[in-house]
Amino acid sequence: MKEFSPVKEGKVREVYDNGDSMVIVATDRISAFDVILKNEVADKGAILTQMSKFWFGFTSDIVPNHMVSTDVKDMPEFFRSEKFNGNSMLCKKLKMLPIECIVRGYITGSGWESYKESGTVCGIKLPDGLRESDKLPEPVYTPTTKADLGDHDEHITFEESVQIIDKEFPGKGREYAKKIMDCTIALYKKCAEYALSKGIIIADTKFEFGLDEEGNVVLGDEMLTPDSSRFWPLDGYKPGQGQPSFDKQYVRDWLKANPDSGYKLPEDVVKKTTDKYKEAFLMLTGREFTR
């Protein structure tokens, strides 16, 4: 049996090279404030993978994606074990674009802090009089750089995203920057409307895109998971304050309230995080999570 080692290891994911494809494994690690916490969250990786699978299928009419299969039977023998079952995705290889595509449908988090100071989010002027957690008149696209492990992503303007992409793909910066912006907004609108019908508000999220061998823009990485998005329950939604969430904002809030934790969570926080992820999965997909 051929042995595999990760060719890339991020805060949460591991990437394995499989020749003309790759296997992306979502581990049970959890990160917050760009730090990997000392705990793992049971089943988290599998929930993220299965949720991405659901969304990739739901949005394939908007833009193609890199998913081939989440069945380990379709992967090399090395991955056909309990360790990889449910949390692994066989994917097409892409040349990733050096931009993280952030879209905000509601004013919250760092966007709210910026708005209170200047009435803007990432330099974009917003209407006066917004309250915390208010829905924005239209989704706002606020791209960032892709930072290395341990560094922070930096907010950039659309024009800066053109320049960054053009450095890597000369002459194509504006074309690709506009394409991924348009795809980001279209994906968000479709998925946010669907999620709302299931009782979940998607306040904001992140997408990543790459190019296939023919130069087509393809959606990669993960999609609309609790790690890359803010999910709020529609039931009880009340603008003018922070909202309870299904995502790892619960973990961030606990860490803020316990600055001396050393990035180690108590077991009840770990369990509640898993339960929140599973609840969101059930509401969005209509089925109980199973590996």
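**Stop one: a pocket**

The second largest pocket has a volume of about 210 Å³. Before you select it, two notes: this is a predicted model, in which local features need pLDDT of at least 70 and side-chain atom pairs count only at pLDDT 80 or more, while totals for chains, interfaces and linings use all residues. Residues are numbered from 1 along each chain as its sequence is written, and side-chain values use heavy atoms, with hydrogens and water left out.

Now select Tyr106, Lys135, Tyr188, Ala192 and Glu193, which lie nearest the pocket's centre among its 14 lining residues. Strand S9 (99-106), strand S12 (135-141), helix H4 (173-197) and S14 each give two or more residues to this lining. Helices (H or I, at least four residues) and strands (E, at least two) are DSSP runs, numbered from the N terminus. By class, the lining has 9 nonpolar, 1 polar and 4 charged residues. (Ala, Val, Leu, Ile, Met, Phe, Trp, Tyr, Cys and Pro count as nonpolar, Asp, Glu, Lys and Arg as charged, and the others, Gly among them, as polar.)

A pocket here is an open set of points on a 1 Å grid over the protein atoms alone, with protein on both sides within 12 Å along at least five of seven lines; a cavity is a set where a 1.4 Å probe fits but cannot get out, and lining residues have an atom within 4 Å of a point. Points are joined across faces, edges and corners, and a volume is the space filled by probe spheres set on them.

**Stop two: the cavities**

How many cavities of 30 Å³ or more does the structure hold? There are 2. The largest cavity has about 80 Å³ of space, and its lining includes Arg13, Asp221 and Glu222. S3 and helix H1 (44-58) each supply at least two of the lining residues. The second largest cavity has about 40 Å³; select Arg104, Tyr106 and Asp204, which are among its lining residues.

**Stop three: strand S16**

Select residues 229-233, strand S16: 5 of its 5 residues are buried, so the strand is largely enclosed by the rest of the structure. Buried means under 20% relative accessible area, exposed over 50%, and partly exposed in between (1.4 Å probe, protein chains only). Ser229, Phe231 and Pro233 point one way, and Arg230 and Trp232 the other. In a regular strand the side chains alternate between the two faces of the sheet. Ile202 has Phe231 as its bridge partner.

**Stop four: an open sheet**

Next, show the 5 strands of the open antiparallel sheet, in the order S1-S2-S3-S7-S6. Strand S1 (8-9) and strand S6 (67-69) stand at the edges with a single partner strand each, so one side of each is left without a neighbour in the sheet. Two strands pair if DSSP finds at least two bridges between them. Zoom in on Val25, which stands opposite Ser88 in S7.

**Last stop: helix H6**

Finish with residues 267-285, helix H6, whose end C-alpha atoms are 27 Å apart, in agreement with the 27 Å its 19 residues should span at 1.5 Å a residue. (The expected span is 1.5 Å times one less than the number of residues.) On one side of H6, Glu267, Asp268 and Lys271 are exposed. Just after the helix, Gly286 takes a positive phi of about 80°.
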